Amino acid sequence: MGVEYRHSSKTLWTPFAYFFPVWVKNFNEAEMKLFLIRLQLINRSKLETHVCRRFCTIPSKGGKIKYKDTLLLPKTKFPQKISPAHRKKHEESLAANLQFDHLYGFQRLWRQDCPEYILHDGPPYANGDVHIGHAVNKVLKDITNRYKLLRGFRVNYTPGWDCHGLPIELKALKDNMQSKSSSKEPLIIRKKAREVANESVNKQMNSFRRWGVMADWNNCYKTFDKKYIQMQLQSFYQLYKKNLVYRELKPVFWSPSSKTALAEAELEYNPRHESTSVLLSFRVCSDAATFTTEIGKALPKEYEKYSNSAVEVVVWTTTPWSIPSNAAVAYRENKMYSLLFYENTNENIQKFYIVASECLPRFQATTQIKFAVVSEFEGSYMGHFKYKHPWFEELSCPFLAADYVTMEKGTGLVHTAPAHGADDYVLGLKHKLPIECYINDEGNFDSRIKQLSGLNALTMGTSQVLKILESSKLHEEKYIHPYPYDWRTKKPVIVKTSMQWFMDTNKIKSLAVSELEQVGIHPNNVQHGMINQLVSRPYWCISRQRVWGVPIPVLYHKETGEPLVHKAVIDGLCVLVENSGNADGWWDVPVGTLIQNDELATQYEKGKDIFDIWLDSGISWNILGDKIADLYLEGVDQFTGWFQSSLLASVALRGKTPYKNICVHGFVVDDNGKKMSKSLGNVVDPKSITDGKPGDRHPLGSDVLRWWCATQGCSNSAKISISSSLLQSSDESVQKLRNTLRFLVSFCTQDYIDKLQIDDVSYDELMYIDQYMLSLLKKFQERVTQDYENYNYDKVMNRTLHFAATEVSSYYFTWIKDRLYCDFKESQSRKSCIYVLNEIYMTLTKVLAPVLPYLCEEVHSHYNQETESIFKSVWFDVDNQWENIPVASVMDLALDVRLTINQMVGDNNSKTLWAQILCNEKAFQTLQLLHPTNCSEVDKCTSELCDILQISGVDLKLSENKEFSIEPIGVGHSLEGYSVAIGKTEMFQCHRCLRYCCTEGNSMCTRCQSVLNSLSQPAAGISKDSPPGPEIPVPDPVKEEILLRS
């Protein structure tokens, strides 16, 4: 349909000219052309909205009032968007005004009679600035605490820091060198390390507070606090009295680069480490004839002439540097072994080799040696023989049965050096083998073997050993395999014997396993293997050879080296700690000051070892008294670290687990999939995300960082991805939620709810659309609550974003805007939807508050003018009445009709269309609950079905045939029992509500006319401060229609 407009003897056509017949008369020809071109580019519905509501006016006593001023449009001071440049200042202002730092203390007062929820904080290292891994951990903990606070708990959360350890000591040494001081005196190093730790604690604490982490920041625990040190010293004495700690020479992981023993948790495995793999032959102390006789076999006749030839066993090893420490060869009793004959006529060599039968194909493929199988025998016979030591030929060594011998690699015969392997050591203890270690603390051979003295075991030492053993070498190659590295220096470690202090885990292992079986592990699909690790762990080395840590309070006899653990020494050291605030006195005061016994003071000297930092942090549960934490939440790597050390220490000292539940998250990886760490230099600074980085990244704010942590950190993956696109997506998600909350708070403030007496609205008074929305809200509440309980914060956020953006914003807001904006202010229809809006608001803010505290506290301050924290409220109660199956079935059919119409309409404006629906009996009975039948054309435009379908009107008929009474521009059929046709509506648009629901000759629908009539007197809903409309004549719709419509 077009409209003719004549100007300067030219005919111009536009479908929009109807709205501009008067005030465009003064346009010249050029202006008119430009005007009409622009009109063609404007969406018709938006144009109509703009013109009618902006320029059409009604008279009032105070002058003219624009139509838009008669609408109950959203009004709020809550900002729609915070520009990146202002986010830091905005969030800091919110934190100060809403007293973020006081929330933890407030809730401890509010909830004194409530059940307590304890999340015990695993202490991060105080060795520098925070990285993105800190953000993941601290934010996930804070989400948990804030959720529990909303569930009515009294949260117990004390942040902590691990202030000892090698990373801090190395940084102190580096700083000391930069200050042109090369002193390595313990007290100087300790002083500098303490400064490093204190500076790091303050930096990290400020970052945690910037992220909105709720805690009592004035009462944190630090492992170098005097009370903590005293507790640790007394705990060691308790372990000693229980015979759970001892000192012994044992093989441990030793870091030559750090010059200290390491725990398993302080290792990381390099999957591409290159070792030297060799096959070596050791000569048996029996010739071929004697050997075959001993195994009950006769030497075949063709080999009798070689009866005096040597018999050699073939071993495979990737640590040839440990050959001088060899003490035995291990075999498997229940496996078969083969005696092989090898002859080299060119060199006149004839000898016999022994290899496990299962390993023969691999042995031949590797060595390319041609051999003949002479005989096969059971492995148990190997115990009858001895062999000559490969390095010290004057020694003979035994063959020993061992279960750790496997056939997957090697030859089935294992080189055993008790000084350089845990299994080897256990076997050596059992058979009283000599334990010789020729490697010093620097990883070099000591002076006892002149040919190797001073050579590094892993490099030149290996080459020299193989050069000397060249005649015994059958094969050599480079072997790529996972190998333990020092997680701090990123250099390989070795296993060597060292005199260390150990916790006897064997004595507490069964109880520890029993306690762990009662602990909940989250997420439940994580493969932690912690029980298997406990079962296989032989001991725990708790001593380290550094100076920055808690000293092991033991004296040693000056002549014999025997240790003395004395209560007086420990108590004396605790007094020094109390007086000085630290344990520096151990390196400073004489022994006599500690023990108060002159005779002992002259015979003993202080030890130089410190405690393993895993014992430092492993007893941190002591700060809780006798309570058991509800949750330990750390990275997945802590199954071998803090989770395990805490369990062992707690079981050893008090016979029970320190935690009821464990929750783990992954670790952040860079673009190459590598774990981020400070030592690799690939970390992301969270400050660059929250506060921006000049020339690199705009400030996104703490809420965006927290959203990323929630959606990525709990995704059940061991690896957490971070990228600019993910952060941008997080920013967009938070903005979408902000928009939804802004619309909600525009109609839902505590004062407005009270004035309209929304709380008095009963469920039965609600319209179908509103009841349906509540049923969706109930499902949402149940699902997100379950997700929160299972620590699935990623599911909570993804589900919330979908619910808010789709079911709430796209659907419900669209369905209710007409009555929300245009109905009488206190009409039941408005109260019905505002009641639901308020329920949605209360639900969304509480679901989002643990993750987005800045946003939710801000919007809640607009909802409640008393600015009471949202965290003072409690979680919502799920109302079972909302699960209305009949309403859901009605709405499901209506939404099916909506889908059918949308497929026909496409991107066109559906509000100008009329629908005719022909239904079978069942569909008719269902849809007429939403739409009147046998009524006027006007009433057919004002139903809930029209709101859902977003069309001008509906003609609902009971008819089995498919004959439509309108001229359709589109027809659709459904298996749900209806057919629908759409056509152009014959109704006219209301100038106020813009719906096509007026009969010919009327410019206002009945509803809007009633509202306008009520506004002849000043009434609520029209802002008194609204400026009057422009002095533009309002067109007479009837006259203009006659003149201009074709």
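Student: Is glutamine 596 buried or exposed?
Tutor: Exposed, because its relative accessibility is 64%. Bear in mind that this is a predicted model.

Student: Where does glutamine 596 lie?
Tutor: In the loop between helix 17 (591–595) and helix 18 (598–603).

Student: And what is the phi of glutamine 596?
Tutor: Near 55°. That is a positive value in a residue other than glycine. Most residues other than glycine have a negative phi.

Student: What about tyrosine 791, what is its phi?
Tutor: Near 65°, positive again in a residue other than glycine. Tyrosine 791 is in the loop between helix 25 (768–789) and helix 26 (793–822).

Student: Is tyrosine 791 buried or exposed?
Tutor: Buried, with a relative accessible area of 8%. The cut-off for buried is under 20%.

Student: Which residues form an aromatic cluster with Tyr791?
Tutor: Tyr147, Tyr788, Tyr793, Trp875 and Phe876 form one cluster with Tyr791.

Student: How many aromatic pairs does the structure hold?
Tutor: It holds 45. One of them is tryptophan 161 with phenylalanine 208, a stacked pair. The ring centres are 5.9 Å apart and the planes are at 15°.

Student: Which elements do tryptophan 161 and phenylalanine 208 lie in?
Tutor: Tryptophan 161 lies in strand 7 (residues 160–161) and phenylalanine 208 in helix 7 (residues 186–210). So the pair ties together parts that are 47 residues apart in sequence. Both tryptophan 161 and phenylalanine 208 are buried.

Student: What about tryptophan 487 and tryptophan 614, how is that aromatic pair arranged?
Tutor: That one is tilted, with 6.2 Å centre to centre and 35° between the planes. Tryptophan 487 is in the loop between strand 20 (473–486) and strand 21 (494–503). Tryptophan 614 is in helix 19 (residues 613–618). The pair links distant parts of the chain, 127 residues apart.

Student: Which accessibility class does tryptophan 487 fall in?
Tutor: Partly exposed, because its relative accessibility is 21%. Tryptophan 614 is buried, at 8%.

Student: Now charges over rings. Where does the charged end of arginine 146 sit?
Tutor: Over the ring of phenylalanine 100, 5.8 Å from its centre. Lysine 606 lies over the face of tryptophan 586, at 6.0 Å from the ring centre.

Student: Switching to cysteines. How many disulfides does a search of the whole structure find?
Tutor: It finds 0.

Student: Which residues does cysteine 990 touch?
Tutor: Leaving out residues up to four places away in sequence, it touches Arg995, Cys997, Cys998, Ser1003, Met1004, Cys1005 and Cys1008. The C-alpha atoms of cysteine 990 and asparagine 1002 are separated by 7.9 Å. Those two residues are 12 apart along the chain.

Student: On to strands. How do strand 35 and strand 36 pair?
Tutor: In the antiparallel sense, over 5 bridges. Glycine 972 stands opposite valine 980 in strand 36. The hairpin has 3 residues between the strands, and glycine 977 there takes a positive phi near 100°.

Student: Which side chains of strand 35 are buried?
Tutor: Gly970, Gly972 and Ser974, which point to one face.

Student: Is the peptide bond from histidine 522 to proline 523 cis or trans?
Tutor: Cis, with omega near -5°. Proline 523 is in the loop between strand 22 (520–522) and helix 14 (530–536). Most peptide bonds are trans.

Student: Last one, zooming out. How many helices and strands does the protein have?
Tutor: There are 33 helices and 38 strands. Buried residues make up 56% of the 1046 residues. Among contacts with a separation of 6 or more, 76% are between residues 24 or more positions apart. The protein exposes about 46,300 Å², and carbon and sulfur atoms supply 48% of that.

Definitions and conventions. Residues numbered from 1 in each chain as written. Predicted model: local features only at pLDDT ≥ 70, side-chain atom pairs only at ≥ 80, totals over all residues. Heavy atoms only, no water. Buried < 20%, exposed > 50% of the residue type's maximum accessible area, 1.4 Å probe, protein only. Helix = DSSP H or I, 4+ residues; strand = E, 2+ residues; numbered from the N terminus. Pairing = 2+ DSSP bridges. Contact = heavy atoms within 4.5 Å. Areas by Shrake-Rupley, 256 points an atom, 1.4 Å probe, with all protein chains shown as cover. Disulfide = S-S within 2.5 Å. Phe/Tyr/Trp six-rings, centres within 6.5 Å; stacked < 30°, edge-to-face > 60°. Lys NZ or Arg CZ within 6 Å of the ring centre and 35° of its normal.
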